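Trainee: I would like to learn how to read the fold and the cores of a protein model. Where do we begin?

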Amino acid sequence: MAFKREVVQASLDTTHSQTAIAMRFEIHPDMLCRWRREMVQRDPHQNKPVKNRGPKGSQRQLEQENRRLRKQLERAELENETLKKAEEYFVKTRNKAPYRLFHADQPDPLWMRPQDSWRCLAMVMDLHSRRIVGWAHGRQNDSQLVLQALEHAWSDRRPDNPGLFHSDQGSQYCSAPVMHWLTRKGFTSSMSRRGNCWDNACAESFCAQMKTEWIRPLGELSRTEMQAEVDDDIDGFYNTVRIHGTLNGVPPLQLEAAA
C-alpha cells in the first residue's frame, strides 16, 4: 500500500507523463492509471486519499523553498563575513588588548515610563571619550530604533577607519538590517557574552546614571517632556558638564577638544 501511494503521489507531483513515471517504478502504465483512479477519488471507505496537488502546486512549493534557502544563504554569508572580520581583529590585538574591549561604540536600550506610554532610548557611545554620539527615541526596542541611533552617530562622526561596534546579544543588534548596515559601513561586530552585563558595563552605567540623576527626580512626565529631558541631559549635561573618573575628571567634550 505504501508503494502504491508513493507511485501515485509521484505521478501527481510531476510534469512528466504517466508512462515515464510507470517506467521509473517498473510498473505498467495501465496499472498506474488504475491506481490513480482508486486513490485520488474520495472513497468513503478510504481514510486518507492522495492529495492531488498537481505539477503547479509542486512548482510553487519548490519556488518557496528556493526563496527560503536563498535568504538563509545570504544570512549565512553575512554572518561568515562578520566572523572573519572579528577573527582578524582579535588576532591583531590579542597581545595588547584587555579581555573586555572597552574602546568601541556601545548601544544599549533604556526603558522609560512617561505618563501616556512606555518609551525606549537607544544610544551609541564613543568609548574613547565616553561621549554619546548618537541616540534615538521610540515606542519599541527594535532594529529600526538601533538603526536610527547608528545613523545619528554616523552623521556626527563619519570615521575613516570604523572599528568595533559592541553590544549585547539582543535580537535587534544581530538582526539582518543592523548587520547589513554595519557591514556596509565597515564596522566589526562584537557582542557580550550571554548573560554577562559586565561586558557592556559602560552603556549599562550610563543608563543607570540617567535614570537616577536626571529622570526619576523629575516625577511624571508626558512623552514630549520625557524626550526633551533626555535630549537635554545628553547634550546639555552628560556630554558637556558631567565629569568622569575614567577621563581624569573632565567631561567627554573637553577630552575630545584637548585631543
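Mentor: Begin with the elements: helices (H or I, at least four residues) and strands (E, at least two) are DSSP runs, numbered from the N terminus. Here the order from the N terminus is α-α-α-α-β-β-β-α-β-α-β-α-α-α, which comprises 9 helices and 5 strands. The model is predicted, with local features needing pLDDT of at least 70 and side-chain atom pairs pLDDT 80 or more, while totals for chains, interfaces and linings use all residues. Residues are numbered from 1 along each chain as its sequence is written, and side-chain values use heavy atoms, without hydrogens and water.

Trainee: What percentage of the residues is buried?

Mentor: Buried means under 20% relative accessible area (exposed is over 50%, partly exposed in between; 1.4 Å probe, protein chains only). Of the 259 residues in this protein, 39% are buried.

Trainee: Which residues have the most contacts inside the largest nonpolar core?

Mentor: A nonpolar core is a set of buried Ala, Val, Leu, Ile, Met, Phe, Trp, Tyr and Cys residues joined through side-chain atoms within 4.5 Å. The largest one has 18 residues, and Val124, Leu150, Val178, Trp181, Leu182 and Phe187 have the most contacts inside it. At least two residues each come from β2 (119-126), β3 (131-138), α5 (143-157) and α6 (176-185). The largest share, 7 residues, is supplied by α5. A second, separate core has 17 residues, including Met123 and Phe206.

Trainee: What does Trp181 touch, leaving aside its neighbours within four places in sequence?

Mentor: Contact means heavy atoms within 4.5 Å. With those neighbours left aside, Trp181 contacts Leu147, Leu150, Glu151, Trp154 and Phe187.
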